[in-house]
Amino acid sequence: MVDLTKNYFELFELPLSCQVDLQRLSSQYRALQRAVHPDRFAGDDERQQRISIQYASHVNEAFNTLKQPLPRAIYLLKLAGRDVDIERNTIMDPGFLMEQMELREAVADIRSASNPEQEVERLASQVDADILRYLQQFEGFWVSATEQDLEQAETVVRKMLFMVKLAAELEQLESELLDD
Amino acid sequence: MAYSEKVIDHYENPRNVGKLDQDSQSVGTGMVGAPACGDVMRLQIQVNDEGVIEDARFKTYGCGSAIASSSLATEWMKGKTLDEAATIKNTDIAEELALPPVKIHCSVLAEDAIKAAIDDYRAKQKHDDAAPAA
């Protein structure tokens with residue numbers, strides 16, 4: 001029913017790529033979800049139900065991984081044999097960190113800005129543009145795929161993790177400002 | 001998740017927040033970031049002629065545990081020699097603050113910031129020695 005040895009792209013019958021056809025991903029996901037939904041096995045024995053739950057969560061995990069560019073990029077690296085160990089890795093390019101510090105300072109100052117809504121929007125579009133740029137860089141490195149390129153791709157992914165976190169913070173701040 | 005009292009204390013009354021002159025020969029700056037949570041930390045030390053850390057400052061954008069870890073690190077570094085400060089381990093910080101396992105990486109970040117600041121200071125001194133006397 002669900003072949004657990006298939007990679008996530010194979011599971012959804014999608015080409016192995018940085019770009020994913022999200023419509024196709026969603027329709028394939030819904031079809032698979034229907035096939036493995038635990039309710040379908042309500043009358044079956046416990047073992048069959050357990051397997052169905054396992055399949056359903058595998059399909060969910062696969063969908064959530066491919067849906068967003070960043071987890072997708074991390075997964076692509078994993079398929080290429082590179083585990084992005086984000087837990088233990090801390091040392092980063094000082095220039096990048098300096099820029100991060102400045103961005104964080106700017107975010108911290110938003111509430112005292114004369115026009116906070118405008119400032120939050122300005123920063124959010126800057127961060128979005130950076131994320132897009134990193135995604136393009138990632139794709140370039142991933143496509144050429146030499147050892148060196150993949151290492152660069154990994155560095156780009158680490159940078160993206162900071163930016164995505166920042167984008168989420170800005171989104172949160174934006175909705176807080178709207179509530180005020 | 002509940003923070004320990006010590007984390008809350010450091011978070012609410014962070015010690016040594018601020019900035020030292022990055023361009024000064026007697027200042028070492030360590031910048032580190034944790035991709036896992038997007039935290040960024042800047043830790044700076046001011047070192048006197050005897051190699052003793054006279055002042056330490058930090059600025060951290062991150063969770064309570066990251067702020068507490070760097071706050072504690074600056075407290076511990078003050079008055080220590082560079083060699084002594086270099087022996088501060090993330091496990092000591094984590095233990096002192098009673099960090100839960102999911103927050104251990106915050107103490108790792110602080111340890112790396114300490115090392116980076118010391119390395120930066122030492123690199124500056126080496127550079128200084130190599131330069132021809134004015």
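Colleague: Which residues touch the most other members of the largest nonpolar core?

Modeller: That core has 39 residues, and Met41(B), Leu109(B), Ala113(B) and Ile114(B) touch the most other members. Please keep in mind that this is a predicted model.

Colleague: Which elements of chain B each supply at least two residues of this core?

Modeller: The elements are β1, β2, β3, α2, α4 (90-97) and α5 (104-130) of chain B. The most is given by α5(B), with ten residues.

Colleague: Which residues does Leu109(B) touch, not counting residues up to four places away in sequence?

Modeller: Leu109(B) touches Val32(B), Ala34(B), Asp39(B), Met41(B), Ala66(B) and Ser69(B), as well as Thr90(A).

Colleague: What does the second, separate core include?

Modeller: The second core has 21 residues, among them Val127(A), Tyr134(A), Trp142(A) and Val157(A).

Colleague: Over how many bridges do β1(B) and β2(B) pair?

Modeller: β1(B) and β2(B) pair over eight bridges in the antiparallel sense. Within this pairing, Gly30(B) has Leu43(B) in β2(B) as its bridge partner. The two strands form a hairpin with four residues between them, and Gly38(B) in the turn has a positive phi of about 80°.

Colleague: How many residues lie between β2(B) and β3(B) in their hairpin?

Modeller: Five residues lie between β2(B) and β3(B), and Gly51(B) in the turn has a positive phi of about 80°. Strand β2 (residues 39-47) of chain B pairs with β3(B) over eight bridges, again in the antiparallel sense.

Colleague: Why is β2(B) described as largely enclosed by the rest of the structure?

Modeller: Eight of the nine residues of β2(B) are buried, so the strand is largely enclosed by the rest of the structure.

Colleague: Let us now consider chain A. How many helices and strands does chain A have?

Modeller: Chain A has seven helices and zero strands. Along the sequence, its pattern is α-α-α-α-α-α-α.

Colleague: Why is chain A called more spread out than a compact globule?

Modeller: One compares its radius of gyration with the value from the globule rule. For chain A the radius of gyration is 20 Å, whereas the rule gives 16 Å for 180 residues; the former is well over the latter, so chain A is more spread out than a compact globule. Along the principal axes, the C-alpha atoms of chain A fill a box of roughly 65 × 45 × 30 Å. Of its 180 residues, 24% count as buried.

Colleague: What does the domain assignment of chain A give?

Modeller: The assignment gives domain 1 (8-67) and domain 2 (94-179) of chain A. Taken over C-alpha atoms, the centres of these domains are separated by 31 Å. As for contacts in chain A between residues at least 6 apart in sequence, 63% join residues at least 24 apart.

Colleague: Finally, the backbone angles. Where does Glu13(A) lie?

Modeller: Glu13(A) lies in the loop between α1 (8-11) and α2 (22-36) of chain A. Although Glu13(A) is not a glycine, it has a positive phi of about 55°.

Colleague: Is Glu13(A) buried or exposed?

Modeller: Glu13(A) counts as exposed because it has 12 C-beta neighbours inside 10 Å.

Colleague: What is the phi of Ala145(A)?

Modeller: Ala145(A) has a positive phi of about 55° although it is not a glycine. This residue lies in the loop between α6 (116-144) and α7 (147-179) of chain A. With 11 other C-beta atoms within 10 Å, Ala145(A) is exposed.

Methods. Residues are numbered from 1 along each chain as its sequence is written. Chains are lettered from A and ligands numbered from 1 in the order in which they are written. This is a predicted model: local features need pLDDT of at least 70, side-chain atom pairs count only at pLDDT 80 or more; totals for chains, interfaces and linings use all residues. Two strands pair if DSSP finds at least two bridges between them. Domain bounds come from an automatic or database domain assignment. The radius of gyration is taken over C-alpha atoms; the globule rule is 2.2 Å times the number of residues to the power 0.38. A residue is buried if 20 or more other C-beta atoms lie within 10 Å of its own, exposed if 12 or fewer, and partly exposed in between; C-beta atoms are placed from the backbone. Two residues are in contact if their C-beta atoms, placed from the backbone, lie within 7 Å. A nonpolar core is a set of buried Ala, Val, Leu, Ile, Met, Phe, Trp, Tyr and Cys residues joined through C-beta atoms within 7 Å.
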